[in-house]
Amino acid sequence: MRTPFRLLLALLFLSSSLLQGQSDADYQSFWVHEDHVKPSMVNKYENVNKKLVSELKAHNIQDEQWITAQTDDYRYLYVGPIDNMASLDRPVFASLAEKMGSDKMGSLFSEMNDYYDKHFDYVIHLDKKLTYMPEGVTQTPEGQDYRKFYYVYTTPANRGKLAENFKKIKKLYQDKGSKVSYRVYRSGFGAPEDYFLVAIAAKDALSYEQQAAANRSLLGEEAKPLFDEMSQYMSGMEVVTGTMRTDLAYSPKQ
């Protein structure tokens, strides 16, 4: 996993521009680094990443932080918060290179390059106005590492209409007192298409299916016209199953 410093600065600058005039309380931007790993190389790839995380923890590096999701189609997504330009106004992993040695660190990344076919970076924005989490917004609900990701693709012309549709759906969930929480992200700079990403957490696949069935029953017939309306503003949908990988995540001790 390697994210070029200049690219991160560009991502941060443009994502900040996109959110000008919007309340910080309503939005949180994240950079995402995505690796598409060769299926036969998953174990080797993970071992190198675990070495990297181990070095970060050993030296308690303060200027790196991310959560990690692994999808069933061998993608690894590293997601870190973006606060402002100053937060990335530095060489990436410079502190780690100083602590463990640049040659040793460089060899880790060089080895990792052999294990994936492609990787890229982009920005997403958590939209708290569209998110439904009555107990408080968090990306990592305790004990719920299973994930269902719904990529709802749209067009620039329909983006605003789809956002309004999401508001109606959230209101229905609120009115019904739904037990299914979800987060909604908007695609940002660097994303290949316009989309809204709906992320749902559960304990495991069985729990997710049980929750989904109970929720369909709870929402009843009132949900159908809202989802029919959504289909008018969609250009496609992709459903991806994943798991949060706490062993490949990093957060420094304070």
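This is a predicted model: local features need pLDDT of at least 70, side-chain atom pairs count only at pLDDT 80 or more; totals for chains, interfaces and linings use all residues.
Reader: What pLDDT does the protein average?

Author: The average pLDDT (the predictor's confidence in each residue, from 0 to 100) is 89, and 88% of the residues score at least 70. Over residues 3-23 the pLDDT is below 50, although this stretch has 39 contacts beyond near neighbours in sequence; contact means heavy atoms within 4.5 Å.

Reader: Why are H5 and H7 called roughly antiparallel?

Author: Helices (H or I, at least four residues) and strands (E, at least two) are DSSP runs, numbered from the N terminus. Axes are lines fitted to C-alpha atoms, for helices over the stretch in contact, and angles run from 0 to 180 degrees between N-to-C directions. The axes of H5 (residues 159-176) and H7 (residues 223-233) cross at roughly 165 degrees and come within 9 Å. Angles under 35 degrees count as roughly parallel, over 145 as roughly antiparallel, 65 to 115 as roughly perpendicular and the rest as oblique. H5 is therefore roughly antiparallel to H7.

Reader: Which classes of residue make up the contact of H5 with H7?

Author: The contact divides into nine nonpolar, one polar and three charged residues. Here Ala, Val, Leu, Ile, Met, Phe, Trp, Tyr, Cys and Pro count as nonpolar, Asp, Glu, Lys and Arg as charged, and the others, Gly among them, as polar. Among the residues that meet are Phe-166 and Ile-169 in H5 and Leu-226 and Met-230 in H7.

Reader: What makes H5 roughly perpendicular to H6?

Author: H5 and H6 (residues 205-219) pack at about 90 degrees, with their axes 10 Å apart. That angle makes H5 roughly perpendicular to H6. Leu-172, Tyr-173 and Lys-176 of H5 and Asn-215, Leu-218 and Leu-219 of H6 make this contact, which divides into four nonpolar, one polar and one charged residue.

Reader: Why are H2 and H4 described as roughly antiparallel?

Author: The axes of H2 (residues 42-59) and H4 (residues 102-112) cross at roughly 155 degrees and come within 9 Å. The two helices are therefore roughly antiparallel to each other. Their contact includes Val-48 and Leu-52 of H2 and Leu-108 and Phe-109 of H4; by class it has six nonpolar, one polar and four charged residues.

Reader: How do you know which strands pair, and in what order do the eight strands close into a barrel?

Author: Two strands pair if DSSP finds at least two bridges between them. Eight bridges join E1 (residues 27-37) to E3 (residues 75-82), eight bridges link E5 and E8, and three link E2 and E8 (residues 236-244). The barrel order is E1-E3-E2-E8-E5-E7-E6-E4, with antiparallel pairing. Within it, Gln-70 stands opposite Thr-243 in E8, and Lys-148 stands opposite Thr-241 in E8.

Technical notes. Residues are numbered from 1 along each chain as its sequence is written. Side-chain values use heavy atoms; hydrogens and water are left out.
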